[in-house]
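Visitor: Hi, I'm new to this one. Could you show it to me and walk me through it?

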Amino acid sequence: MLTVLLSILLGLGRIPAPQMPQAPPLHIYWIDVEGGGCTLVVTPAGEAILVDAGWDLDRDATRIYDVATKAAGVKQIDYFIATHWHSDHYGGIIRVSHRMPVKKFYGNGPFPDSVPDDPAFPELMPRYRALVDDHSIILRAGDMMPIRQASSVAKLEVQVLAAGRQVEDVTRGVPNPVCKETENPAPDPTQTADSIVLLFRYGKFTFFDGGDLTRKMEEELVCPVNTVGAVELFQIDHHGLDLSNSPVLIHSIKPRVVVVNNGPDKGAEPKSMQTLFSAPGVETVWQVHRNLKPGKQLNTSPEFIANPQREGNGKAEFIQATAEPDGAMTVQIGVLGTRRDYPPK
Ligand SMILES: [Zn+2]
């Protein structure tokens with residue numbers, strides 16, 4: 001009897017098909033800090049991870065605050081990660097902390113006593129240390145960020161692939177054939193090589209943020225064994241400077257979409273851009289800025305550039321990405337600019 005009733009109800013369409021609970025998306029914002037690093041990730045659970053915070057300028061703190069509160073809708077920064085101790089990466093967080101709470105601070109190792117290639121260090125680092133009260137947490141290769149999960153539907157993992165020149169030790173695995181393309185880059189003695197490298201994995205979606213990593217360390221990540229795998233989304237290393245972006249890395253991680261976090265006079269350099277434009281599988285290259293340096297420069301198509309002019313201290317446009325656990329992704333300039341959808345592969 002029950003079976004008959006059930007089949008009648010089903011036939012009438014009165015019993016809806018069971019619905020899979022929908023996992024909330026992951027949001028990523030590239031805030032224009034004029035050649036610095038600043039990537040805001042809002043997790044499916046609504047937590048805010050700020051990876052780098054631009055320069056020690058009100059301009060950058062205001063832009064970060066505006067994107068965080070208006071576009072991303074967050075009230076605090078839950079985790080601030082300084083990929084390395086250069087002032088275009090941790091400089092802005094002091095002023096951000098005057099505008100909104102910043103809960104936890106992470107770095108690539110013990111605080112250095114000096115950073116010879118950064119003239120801002122002697123003045124800036126003591127102020128940063130006063131802010132964090134020496135409670136900066138050291139991230140190490142292999143660590144997982146202790147983030148909250150939205151649901152059991154899809155888990156977001158934020159993994160540290162490298163930090164302080166250490167790469168997770170992978171001795172087993174298939175040798176990466178791309179390694180034979182190496183140009184044997186020289187070791188880099190500066191802070192850039194100490195950058196924290198993060199891999200965000202949300203279901204089938206992956207996003208790689210390597211800070212300012214330079215070529216030698218880039219190759220250590222993928223040679224002899226590729227510890228990264230293929231990624232959907234790649235934030236170009238080091239703003240697109242040619243000291244970074246080894247073809248060995250890019251041909252190994254095979255990004256589908258690339259965001260170049262450059263400034264009008266910094267980054268998006270010709271070799272790096274050429275590597276992206278010629279890499280098989282790259283569908284779109286987005287730029288925070290048009291490279292306005294004199295001479296012939298390789299820029300992406302104008303519709304994928306957030307800031308084509310010099311906007312000085314005025315308002316600047318950001319780039320945002322929205323990703324779903326099935327691998328689908330949307331990238332857009334600001335809230336009204338060019339938008340492109342990338343269906344799952
Ligand atoms: Zn930088």
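**Around the zinc ion**

Guide: Happy to! The 4 donor atoms around the zinc ion subtend angles of 85 to 150 degrees, which makes the arrangement irregular. Donors are N, O and S atoms within 2.8 Å of the metal (3.2 Å for Na, K and Ca), and since water is not among the atoms, sites may look incomplete. Four donors count as tetrahedral if all angles lie between 85 and 135 degrees; four count as square planar and six as octahedral if opposite donors are over 155 degrees apart and all others between 65 and 115; anything else is irregular. Keep in mind that this is a predicted model, where local features need pLDDT of at least 70 and side-chain atom pairs count only at pLDDT 80 or more, while totals for chains, interfaces and linings use all residues. Residues are numbered from 1 along each chain as its sequence is written, and side-chain values use heavy atoms, with hydrogens and water left out.

Visitor: Which residues are the protein donors of the zinc ion?

Guide: They are Asp88 (OD), His89 (NE2), Asp212 (OD) and His239 (NE2), at 2.1 to 2.2 Å from the zinc ion. Along the chain, their spacing reads D-H-x122-D-x26-H.

Visitor: Are Asp88 and His239 buried or exposed?

Guide: Both Asp88 and His239 are buried, meaning under 20% relative accessible area; exposed is over 50% and partly exposed in between (1.4 Å probe, protein chains only).

Visitor: New topic: what about salt bridges, how many are there?

Guide: The count comes to 20. A salt bridge is a side-chain nitrogen of Lys or Arg within 4 Å of a carboxyl oxygen of Asp or Glu. One of them joins Arg256 and Glu283, with the closest N and O atoms 2.8 Å apart. This pair links distant parts of the chain, 27 residues apart.

Visitor: And how accessible is Arg256?

Guide: Arg256 has 5% relative accessibility, so it counts as buried. Glu283, at 39%, counts as partly exposed.

Visitor: Which side chain meets Asp60 in a salt bridge?

Guide: That is Arg59, at 2.6 Å, N to O. Asp60 is buried at 0% relative accessibility, and Arg59 is buried too, at 18%.

Visitor: Last one: what is Asp118 in contact with?

Guide: Leaving aside neighbours within four places in sequence, Asp118 is in contact with Trp85, His86 and Ser87, where contact means heavy atoms within 4.5 Å. Asp118 is buried yet has no salt bridge.

Definitions and conventions: Lys and Arg count as positive and Asp and Glu as negative; His and the chain ends are not counted. Helices (H or I, at least four residues) and strands (E, at least two) are DSSP runs, numbered from the N terminus.
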